[in-house]
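The following paragraphs lead the reader through a protein model, from its overall make-up to particular sites. Please keep the sequence and the structure in view while reading.

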Amino acid sequence: MKKLITLCFLVSVFIAKAQSGGYSVGDIASDFKLQNVDSKLISLSDYKEAKGFIVVFTCNTCPYSKAYEDRIISLDKKYKSKGYPVIAINPNDPEVQPGDSFDAMKTRAKSKNYTFPYLSDPNQTITKKYGAQRTPQLYILEKTDRGNVVQYVGAIDDDTENSDPNKISYAGNAVDALLSGKKPMVNFTKAVGCTIKWKKKQG
């Protein structure tokens, strides 16, 4: 059984790496400094008491992001006090998707009363480093002596329509496992959502 669990873990890490092209489970996520909708610069290192982070790439315009918006807010309300705050990052280029401009982000955050930072990644540097491809796409990081270790990559849950009372909360289960000193049983799922709107190539 132990060999089977180890094999499943290695396969999931391989799949995550192959599909994302960025961080996979077990990698150390580097810190960043991005502008929040309140114009302040936010870094993971600002959260001295955090045990880890729920980093979610999301946006204003994607129907999937809108469908998950309240669930993202709920994740922050449930886990921030336990040491795992949500850090939301908008990866889209506003020249390609005007509805994801910084001013539009401010309006959205205010109208929905976001309880978490909503950061802009104007050069898409952090988005590429993480390997995010969809909105929403989630990365759960555990703060350790080695740095912020990626412990889960993928979808928030298995119910894009938010209609299944028996939905599997991949994000919640992963954080609960980490809080109990265990590794998530499921550490990679395929993110379902809109493709990220990348900057147009010059020339």
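Of the 203 residues of the protein, 48% count as buried, where buried means under 20% relative accessible area with a 1.4 Å probe, protein chains only. The model is predicted, so local features need pLDDT of at least 70 and side-chain atom pairs count only at pLDDT 80 or more, while totals for chains, interfaces and linings use all residues. Residues are numbered from 1 along each chain as its sequence is written, and side-chain values use heavy atoms, with hydrogens and water left out.

The secondary structure comprises five helices and 10 strands; these are DSSP runs numbered from the N terminus, helices being H or I of at least four residues and strands E of at least two. Among contacts (heavy atoms within 4.5 Å) with a separation of 6 or more, 76% involve residues 24 or more positions apart. The protein exposes about 10,600 Å², of which carbon and sulfur atoms supply 54%; accessible areas come from the Shrake-Rupley method with a 1.4 Å probe.

Helix α5 spans residues 170-179. Because seven of its 10 residues are buried, α5 is largely enclosed by the rest of the structure. The buried residues of α5 are Tyr 170, Ala 171, Gly 172, Ala 174, Val 175, Ala 177 and Leu 178. They pack against α2 (63-79) and the strands β4 (52-57), β8 (137-144) and β9 (147-154). After α5 comes Gly 181, with a positive phi near 85 degrees.

Tyr 130 belongs to helix α4, residues 125-130. Its relative accessibility is 1%, and Tyr 130 therefore counts as buried. Which residues does Tyr 130 touch, not counting those up to four places away in sequence? They are Gly 22, Tyr 23, Ala 29, Ser 30, Phe 32, Leu 44, Val 55, Phe 57, Tyr 139 and Leu 141. The C-alpha atoms of Tyr 130 and Ser 24 are 8.4 Å apart, although 106 residues separate the two along the chain.

The count of cavities of 30 Å³ or more comes to one. A cavity is a set of points on a 1 Å grid over the protein atoms alone where a 1.4 Å probe fits but cannot get out, and lining residues have an atom within 4 Å of a point. The largest cavity has a volume of about 60 Å³, volume being the space filled by probe spheres set on the points, which are joined across faces, edges and corners. Its lining consists of Thr 58, Cys 59, Ser 65, Glu 69, Ile 72, Ile 73, Tyr 114 and Phe 116.

Notes: Buried < 20%, exposed > 50% of the residue type's maximum accessible area, 1.4 Å probe, protein only. 1 Å grid on protein atoms, 1.4 Å probe; cavity = no way out; pocket = protein on both sides within 12 Å on 5 of 7 lines; lining within 4 Å.
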